[in-house]
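Hello,

Here is the structure we talked about handing over. Please open it and keep it beside you while you read the notes below.

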Amino acid sequence: MASGNTTRRGARRGVQVPAGVLPVARVCVDVPLAHLDRPFDYLVPERFADTAVSGCRVRVRFAGQLVDGFLLERVDESDHRGKLAFLDRVVSAEPVLSPDTARLARAVADRYGGMLIDVLRLAVPPRHAQAEQKAPVEPAPTPAVPDTAAWGRYRHGSAFLDAVRQGKPARAVWHPVPMADWPARLAEAAACAASAGRGAILVVPDHRDSARVHAACVALMGEDTVVSLAADLGPAERYRRWLAVRRGAVRVVVGTRAAMFAPVADPGLLVVWDDGDDLHAEPRSPYPHVRDVLVQRSHLTGSALLVAGFARTAEAQLLVDSGWAHQIVADRDTVRKTAPRVTAIGEHDSQLARDPAARAARLPSMTFDAARAALTAGTPVLVQVPRRGYVPALACQRCRTPARCRHCAGPLFLPSDPTKPPACRWCGVSEAAFRCAACGDTRLRASVVGARRTAEELGRAFAGVTVRTSGGAEVLADVPPGPALVVCTPGAEPIVAGGYGAALLLDGWAMLSRADLRATEEALRRWMAAAALVRADGRVVVMAESTLAPVQALVRWDPVWHAGQELAARAELGFPPAVRMASVDGSPAALADFLLSLRLPRDADVLGPVPLEHTGPGEPQERERALVRAPRERGRALASALFEAVAVRTAHKDPDPVRVHLDPLELV
DNA sequence: GCAATGAGCGTC
DNA sequence: ACGCTCATTGCT
């Protein structure tokens with residue numbers, strides 16, 4: 001081989017000299033091993049002196065192989081006592097990782113007991129070389145100060161926007177009134193930050209919401225000021241827009257959960273809309289949640305934060321209770337004037353069908369009447385039915401309160417072996433003599449879901465009326481005004497100009513008998529999302545017992561009261577967010593080994609392990625899961641203890657992995 | 001007494 | 001996934 005071929009790395013290695021200034025690069029390497037979750041130092045060769053900038057992507061030789069990495073910073077000298085290797089390559093001089101993003105990612109990794117590189121993978125989209133040439137660099141114009149009069153109907157609403165305009169780190173939880181044009185309100189809040197020369201990030205659950213908020217922002221601030229960062233754009237366009245944000249060409253970002261890391265340089269406002277939607281939970285390790293990431297980011301950068309939605313989560317309640325956030329709500333009088341009339345019909349109500357048509361639809365006559373009145377008035381009727389695949393666990397035969405374990409209050413389930421008694425999904429203790437905590441009944445039942453059929457029958461009962469469906473693969477963004485039945489699954493409710501004349505919420509039982517910690521909160525959130533689309537003179541009928549807390553909260557339109565109840569109940573039972581919880585799963589042997597080496601913080605305990613239901617056909621091995629619980633104030637200690645226990649396993653090259661998930665949404 | 005072999009561990 | 005150290009083994 002020609003020895004004069006200097007383009008080959010091997011030929012160059014002998015003659016490499018370190019850069020004259022800041023010759024040491026601290027690099028986060030892309031290696032999925034917890035015990036290697038720290039920077040490694042490399043020498044910057046002279047030829048990369050200008051391109052190896054802080055935050056750029058590099059390739060380095062690590063343990064004999066070439067791996068990707070992020071250059072975290074350039075420094076004068078290394079603490080490393082051994083010999084340093086040279087950077088192999090600068091992938092691109094684009095500084096994709098700002099010091100702010102690196103700090104945020106580190107904080108998020110620490111909070112979830114995860115690795116920096118995993119968070120960076122979520123925070124920095126994959127590179128697309130052509131997009132680096134195309135992305136704009138000229139800064140966007142500063143929009144005018146918006147008209148924020150519409151916020152005047154909410155107590156502390158105007159004060160919050162004033163604070164945002166003045167660049168103060170105000171933090172609030174906001175609930176718009178029914179039929180409120182919330183995308184416009186969020187756009188106004190973003191414009192307050194942008195008009196002060198700062199940025200804003202608005203994170204919504206799905207693309208439909210993203211499109212609405214983006215449109216509202218464009219209407220207020222113009223095309224050039226705002227960008228939508230959606231995951232479905234394709235890698236090139238996604239990276240191009242992301243770079244436009246990083247380069248300061250756009251300051252207002254609207255998007256789904258990945259936008260929580262959007263590289264807005266100086267965000268004045270961070271917003272999460274509908275924080276109870278499970279789409280805000282990132283499904284990739286370390287499973288960060290939008291609300292928590294934005295709380296962290298608000299802390300680190302001094303940005304204002306707005307947690308918004310029609311309903312309030314227990315987590316948002318905690319932010320308010322602890323005094324960390326203020327609440328922005330309309331007074332009761334305004335709520336009464338804007339909310340539709342809500343009627344609850346429980347299974348044992350005497351409202352059963354007298355009308356023959358209503359009986360054919362297996363619906364109480366009041367439900368039937370409400371729908372007919374709305375259709376006659378020329379307005380559409382929203383019919384909310386449960387999603388398929390809802391698997392309710394065991395509930396009391398009489399009052400349908402979910403059956404809970406006496407030992408740890410986890411949900412009971414029926415083992416597939418019919419000779420075995422019910423057992424707890426969390427701690428595994430079996431329950432031979434169930435007795436309902438609410439009514440004392442000793443019988444158990446598995447709830448049945450059949451509301452989709454009810455909706456079909458409803459359509460038949462209103463012969464001649466247009467029936468539209470929205471849900472699953474086909475979600476309608478909006479429907480035209482005029483009489484129609486709009487049957488949809490939760491979260492897929494189409495918008496209609498002027499609002500719906502009525503909403504029928506048929507999935508009450510299915511929702512409330514789910515064996516999920518968040519079942520009631522989730523039910524109320526979905527009901528409110530649907531009912532908020534109904535005109536003030538319209539009607540809402542919910543098929544659930546009126547004595548239940550979430551039903552009362554809907555009737556009174558009082559998400560604050562319900563969240564207070566919910567948080568108190570969780571504190572009572574020792575559930576999140578009153579405590580910090582983690583789920584750990586793996587093979588029985590790996591899990592046992594993991595728990596053995598886990599050094600629990602004080603006052604922490606372990607529930608389980610219990611066998612895990614088989615997740616699918618591709619999962620032939622037996623898996624178990626344990627829950628680890630600690631008081632809130634030991635959250636950091638719990639996260640680092642879990643991290644250390646994972647690091648012990650990766651350091652021993654144990655091929656049998658365990659998965660740690662802090663604050664999982666699903667505890668069942 | 002010392003090469004040959006392999007498990008264990010760090011990885012810049 | 002390399003490549004280093006160090007302990008054990010087997011042979012002179």
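**What turned up in the model**

This is a predicted model. Start at the DNA. There are 15 residues around DNA strand B, and those that come nearest are Asp41, Ala63, His80, Leu84 and Ala85. Which element gives the largest share of this surface? Strand β2, residues 40-43, does, with three residues. By class, the surface near DNA strand B has nine nonpolar residues, five polar and one charged.

Alanine 63 sits in the loop between β3 (57-62) and β4 (65-75). Its phi is positive, about 50°, although alanine 63 is not a glycine. Most residues other than glycine have a negative phi. Is alanine 63 buried or exposed? Alanine 63 counts as exposed, because it has 9 C-beta neighbours inside 10 Å, and the cut-off for exposed is 12 or fewer.

Next, go to the loop between β11 (267-273) and α9 (290-301). Proline 286 lies in that loop. A cis peptide bond joins serine 285 to proline 286, with omega about 5°. Tyrosine 287 is in the loop between β11 and α9 too. Tyrosine 287 also has a positive phi, near 60°, and is not a glycine. Tyrosine 287 has 20 other C-beta atoms within 10 Å, so it is buried. The cut-off for buried is 20 or more.

Where is proline 577? Proline 577 is in the loop between α18 (559-573) and β26 (579-586). For context, most peptide bonds are trans.

Last, a helix pair. Two packed helices are described by the angle between their axes and the distance between the axes. Helix α2 (residues 99-112) packs with α9 at an angle of about 130°, and their axes are 10 Å apart. That angle makes α2 oblique to α9. The crossing of α2 past α9 is right-handed.

Which residues meet there? From α2 come Asp100, Arg103, Leu104, Ala107, Val108 and Arg111. From α9 come Asp292, Val293, Gln296, Arg297, Leu300 and Thr301. The contact of α2 with α9 holds five nonpolar, two polar and five charged residues.

Best wishes

Technical notes: Residues are numbered from 1 along each chain as its sequence is written. Chains are lettered from A and ligands numbered from 1 in the order in which they are written. This is a predicted model: local features need pLDDT of at least 70, side-chain atom pairs count only at pLDDT 80 or more; totals for chains, interfaces and linings use all residues. A residue is near a molecule or strand if its C-beta atom, placed from the backbone, lies within 6 Å of it. Helices (H or I, at least four residues) and strands (E, at least two) are DSSP runs, numbered from the N terminus. Ala, Val, Leu, Ile, Met, Phe, Trp, Tyr, Cys and Pro count as nonpolar, Asp, Glu, Lys and Arg as charged, and the others, Gly among them, as polar. Axes are lines fitted to C-alpha atoms, for helices over the stretch in contact, and angles run from 0 to 180 degrees between N-to-C directions. Angles under 35 degrees count as roughly parallel, over 145 as roughly antiparallel, 65 to 115 as roughly perpendicular and the rest as oblique. A crossing is left-handed if the near helix is turned anticlockwise from the far one by less than a right angle, and right-handed if clockwise. Two residues are in contact if their C-beta atoms, placed from the backbone, lie within 7 Å.
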